[in-house]
Amino acid sequence: MLKVSASLEDYLEAIAELIRCHGHAHTKEIASRLNVKMPSVTNALGVLSKSGHIVYQPNQPVQLTASGRLLAEKVIRRHHILQDFLQHVLELPGEEAGKTACKIEHVIDEKLIDRFLVLSEAVQNRSDCHGLRLHLNRTFTLSADE
């Protein structure tokens, strides 16, 4: 399988989320979710179909192949871990955390995302990190006031 671009990863992520939420992913739903025009969706789906990540036939719901599902799950996992870290450790507002996670998720590898997860869980849950949580909260509150 060829390396998938960040843009195509976004399509896989959107398709997987639509299937999870609605049981299907139609091209119009994908266009709406990604805020792109239909020709862009058709082009991207053609590339993903040729690369073996989806099954796409016009006027039919898009289906993920095993490799497409696996890649989508990895992207979704990276997104969730990054958003959680940005929102609950770095205290960014939810929408900003989500948008920032979406940008970062495409350039970070699994080894690094695993380290983000360990750090995030430690800062949020370990009793010996209570002082660190207080320090971060004070620091972020002060910087927000400036």
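Okay, contacts in sequence first: in the protein chain, take the contacts between residues at least 6 apart in sequence, and 56% of them join residues at least 24 apart. Contact here means heavy atoms within 4.5 Å. Before I go on, this is a predicted model, so local features need pLDDT of at least 70 and side-chain atom pairs count only at pLDDT 80 or more, while totals for chains, interfaces and linings use all residues. Residues are numbered from 1 along each chain as its sequence is written, and side-chain values use heavy atoms, with hydrogens and water left out.

Now the layout. The chain has seven helices and two strands, running α-α-α-β-β-α-α-α-α from the N terminus. Those are DSSP runs, numbered from the N terminus: helices are H or I with at least four residues, strands are E with at least two. The C-alpha atoms fill a box of roughly 55 × 30 × 25 Å along the principal axes.

On to burial. Of the 146 residues, 34% count as buried, which is under 20% relative accessible area; exposed is over 50%, and partly exposed is in between, with a 1.4 Å probe and protein chains only.

So what sits inside? The largest nonpolar core has 22 residues, and I15, I30, L45 and I54 have the most contacts inside it. A core, by the way, is a set of buried Ala, Val, Leu, Ile, Met, Phe, Trp, Tyr and Cys residues joined through side-chain atoms within 4.5 Å. Helix 1 (6–22), helix 2 (27–34), helix 3 (38–50) and helix 4 each put in at least two residues, and helix 1 gives the largest share, six. Take I30: leaving aside neighbours within four places in sequence, I30 touches Y11, I15, L18, A25, V41, L45 and V62. Apart from that core lies another, of 11 residues, including I81, L82, L86 and I113.

F85 and F116 have ring centres 4.9 Å apart and planes at 85°, so they are edge-to-face. F85 is in helix 4 (residues 66–89) and F116 in helix 6 (residues 110–125), so the pair ties together parts 31 residues apart in sequence. F85 is buried at 9% relative accessibility, whereas F116 is partly exposed at 22%.

Conventions. Rings of Phe, Tyr and Trp (its six-membered ring) pair if their centres lie within 6.5 Å; planes under 30 degrees apart count as stacked, over 60 as edge-to-face and the rest as tilted.
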